Amino acid sequence: MALCSARVADAAGPTAAPRAPLPVVHAPSHVRLVLAVPHVAPAPDVVQPAATSPQQQQQEQEEHYETLEVMADEAIKDLKLRMLNRGFRRPPGTGCLVFGDLDEHVRAGLVRASPAPGSDFLHIFAPAAAVESVSVRTLLREFSLSSGAGGSPAGAGAWPLVVAAPRRAAAAAAPAGANAASAAAPPPPPPAEAAATSAVVHLLVHKSARVAWRHMGNDTFELSISSPAETTTAKDLMRKVEDATGLSLRDGQHQLVYGSQVLEATRPLADYGITKGAVLKLLPVQPAAAAPAGDDGADGAAPRDTLPDGSPRLESPLHSLHEHWKRARAGLAEGHAPRLAPAGTGGCYFLLDEEGRPTAVFKPNDEEPLAANNPRGRAAPPPPSPIHLGGAWTFPAPPPPRTTGAAAAGGEAAIAAGAVAPGEGLRRGLRPGEGAVREVAAFVLDHGNFSGVPPTAMVQLEVGRGVAGAGEAPAAKVGSLQTFVAAESDCEERGVSAFSAREVHKIAILDLRLGNTDRNGSNILARRGGADGGWELVPIDHGCCLPDSFEDISFEWSWWPQAELPFDEAARAYIAALDADKDAATLAAHGLPVRPECLRVLRVCTMVLKKGAAAGLTPAQIAGVVSREGPGRSPVERMHALAAARASAEAGGAPEAAREAAYLRHMGALVDELLADDFVLENAGQLLL
């Protein structure tokens with residue numbers, strides 16, 4: 001901002017001479033901020049030629065303003081403008097929104113003189129005297145401008161950048177008979193009040209930007225403009241090329257060049273217009289196709305359309321995600337770039353169809369919370385540097401495990417405390433990079449789509465240049481692809497009493513089976529269209545399922561009144577048919593790598609659900625067995641410790657399979673003892689041992 005201010009002040013100096021505009025390279029931006037400053041009126045003794053035609057009069061009015069673009073060399077990501085309410089109008093057919101009063105000829109001239117006069121931009125004009133503050137954020141910095149407009153009479157607040165620009169042609173326009181001394185003398189600058197009153201703030205907003213406004217009270221409102229979140233930088237691209245080719249490019253000897261521009265490491269690729277130039281391919285990630293039945297494996301055999309367990313492959317029209325996958329591929333081919341979701345802790349991208357409408361959701365496994373390429377500043381800290389000691393390299397010992405306070409609580413609190421163990425995710429029992437597999441696992445294990453998990457599959461998003469050179473490997477991201485679900489809201493945005501018991505119970509069955517550690521109202525969508533015309537609940541965000549421990553299992557629905565009602569007959573029949581061993585085989589058939597410790601949690605949680613439902617327990621009561629309701633351990637944690645000790649004493653030297661069988665046998669006996677023993681059900685539906 002100091003640079004911009006110096007430019008205007010220099011131009012307004014008493015000895016300033018006419019000169020060519022400073023060369024400025026405009027970085028493509030979805031919102032641009034221009035200050036239109038009035039020229040200084042000529043001195044009274046300077047004779048001005050009278051305008052002889054309406055066209056000359058119009059040109060005179062249009063040339064009355066000098067324009068200056070703020071931060072022209074950087075892309076503005078977010079802008080907030082707070083101003084007094086002076087009314088607004090939208091002249092038809094102009095693509096303009098005008099707050100307060102502004103002469104039509106001046107407005108038209110400012111549009112023509114703007115750095116982006118095309119039809120893809122909305123032009124917003126506001127008097128600087130009515131603007132209280134402007135906050136701007138670019139990729140590199142943040143700053144604010146403010147005036148006294150909110151606390152002083154209109155026009156009394158002087159903006160730091162609202163200064164008068166010279167009437168450059170005043171002296172040159174004087175007739176031959178005019179007084180030479182008077183013509184050469186510079187006119188006196190106007191008072192600050194006059195400059196602030198007539199200066200104009202001009203915003204150019206691209207049609208793809210997000211625009212919102214809200215009333216702030218005291219007859220003021222705030223206008224917020226945000227660019228689509230495209231934050232991939234040249235440094236990120238160089239790292240992807242290194243990963244794909246094995247070359248070392250960040251050695252100071254290489255540069256990325258697009259056209260004739262050298263790409264700066266910290267600037268987003270969108271600033272260079274690269275987003276639509278990239279070629280993106282969406283490919284399925286599945287086990288290798290087997291030859292058709294009866295084929296001897298000879299070359300040229302056609303691949304089967306099914307996975308080893310008989311379910312359709314993503315390329316098959318029978319797969320429930322197939323059509324959305326095709327639309328996403330078509331949208332990428334049309335140049336529609338993935339859009340980063342505005343909320344969340346990891347990389348979650350909306351993929352668009354050919355018409356630019358959301359059709360699928362892509363979650364790369366390397367952009368999950370605490371993963372290496374997390375786009376929201378939540379990447380894991382780098383591993384400790386090795387130390388050369390005694391002639392050998394050694395690594396520092398990892399930090400001690402979390403035990404108390406915020407560190408023991410896990411999740412965001414542990415991150416803030418700097419106590420996340422190496423390789424640990426936001427929830428205990430999970431690791432960064434495993435979330436995409438769990439998103440797919442939740443759909444695969446939702447037999448018959450009983451719980452309504454949207455169709456999901458593993459895919460690979462390849463980024464190439466259109467025509468690949470010999471031996472050139474494209475950069476790729478592997479992650480989950482899920483059908484985009486349009487919904488009226490999520491469950492945090494409306495009262496839960498509107499939902500039927502069956503809709504809540506179907507979510508509960510899924511979460512209890514998978515040991516969900518992150519079920520809350522924001523990841524349950526609510527939409528109209530249930531069997532009875534009521535609300536249908538759609539569970540999403542299953543990256544925190546199937547942990548390797550029982551510590552962080554929790555469900556928000558366990559406090560809802562529907563969870564205190566017993567399962568209906570259809571739910572009990574579905575639960576009775578569950579088979580955790582078959583589920584583990586299904587995950588393997590889909591090529592989903594789930595660690596053995598996580599499969600143990602799946603087996604135990606399925607066991608507790610089946611035995612609890614058969615004993616007549618409600619979802620809330622079963623949740624009280626597998627989740628913590630206080631500072632102590634949950635019942636399932638205590639049973640786990642006891643079963644592990646008994647199995648170790650019984651089969652400590654036996655093979656792993658025998659030890660696991662002994663553990664599950666003891667665990668089943670402990671669950672039976674729990675259900676057969678006397679217990680108290682509190683009115684909240686929680687189980688106390």
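Biologist: Which side chain does the side chain of Ser522 make a polar contact with?

Modeller: A polar contact is a pair of N or O atoms within 3.5 Å; within protein, one must be able to donate a hydrogen and the other to accept it, and residues adjacent in sequence count only if both atoms are side-chain atoms. Here the partner of the Ser522 side chain is the side chain of Asn520, at 2.3 Å. Do keep in mind that this is a predicted model, where local features need pLDDT of at least 70 and side-chain atom pairs count only at pLDDT 80 or more, while totals for chains, interfaces and linings use all residues. Residues are numbered from 1 along each chain as its sequence is written, and side-chain values use heavy atoms, with hydrogens and water left out.

Biologist: Where is the place of Ser522?

Modeller: Helices (H or I, at least four residues) and strands (E, at least two) are DSSP runs, numbered from the N terminus. Ser522 is in the loop between helix 11 (501-514) and strand 23 (524-528). The chain has 17 helices and 26 strands.

Biologist: Is Ser522 buried, exposed or partly exposed, and what is its relative accessible area?

Modeller: Buried means under 20% relative accessible area, exposed over 50%, and partly exposed in between (1.4 Å probe, protein chains only). With a relative accessible area of 32%, Ser522 is partly exposed. Across the 689 residues of the chain, 44% count as buried.

Biologist: Leaving aside neighbours within four places in sequence, which residues is Ser522 in contact with?

Modeller: Contact means heavy atoms within 4.5 Å. With those neighbours set aside, Ser522 is in contact with Asp490 and Glu492. For the chain, among contacts between residues at least 6 apart in sequence, 68% join residues at least 24 apart.

Biologist: How many disulfides does a search of the whole structure find?

Modeller: A disulfide is a covalent bond between the sulfur atoms of two cysteines. The cut-off used is a pair of cysteine sulfur atoms within 2.5 Å. The search of the whole structure finds zero. Take Cys545: the nearest cysteine sulfur, that of Cys544, is 7.6 Å away. Cys545 is buried, with a relative accessible area of 1%, and Cys96 is buried too, at 0%.

Biologist: How many aromatic pairs are there?

Modeller: A pair of aromatic rings is described by the distance of the centres and the angle of the planes. Rings of Phe, Tyr and Trp (its six-membered ring) pair if their centres lie within 6.5 Å; planes under 30 degrees apart count as stacked, over 60 as edge-to-face and the rest as tilted. The count comes to eight. One of them is Phe350 with Phe484, edge-to-face at 5.7 Å centre to centre and 90 degrees between the planes. Phe350 lies in strand 16 (residues 349-352) and Phe484 in the loop between strand 21 (475-483) and strand 22 (489-490), so the pair links parts of the chain 134 residues apart. Phe350 is partly exposed at 23% relative accessibility, as is Phe484 at 28%.

Biologist: How far apart are the ring centres of Phe450 and Tyr574?

Modeller: Their centres are 4.0 Å apart and their planes are at 10 degrees, so the pair is stacked. Phe450 lies in the loop between helix 10 (435-444) and strand 20 (456-464), and Tyr574 in helix 12 (residues 569-576). Both Phe450 and Tyr574 are buried.

Biologist: Which residue has its charged end over the ring of Phe450?

Modeller: A charge sits over a ring if NZ of Lys or CZ of Arg is within 6 Å of the ring centre and within 35 degrees of the ring normal. Over Phe450 sits the charged end of Arg502, 5.4 Å from the ring centre.
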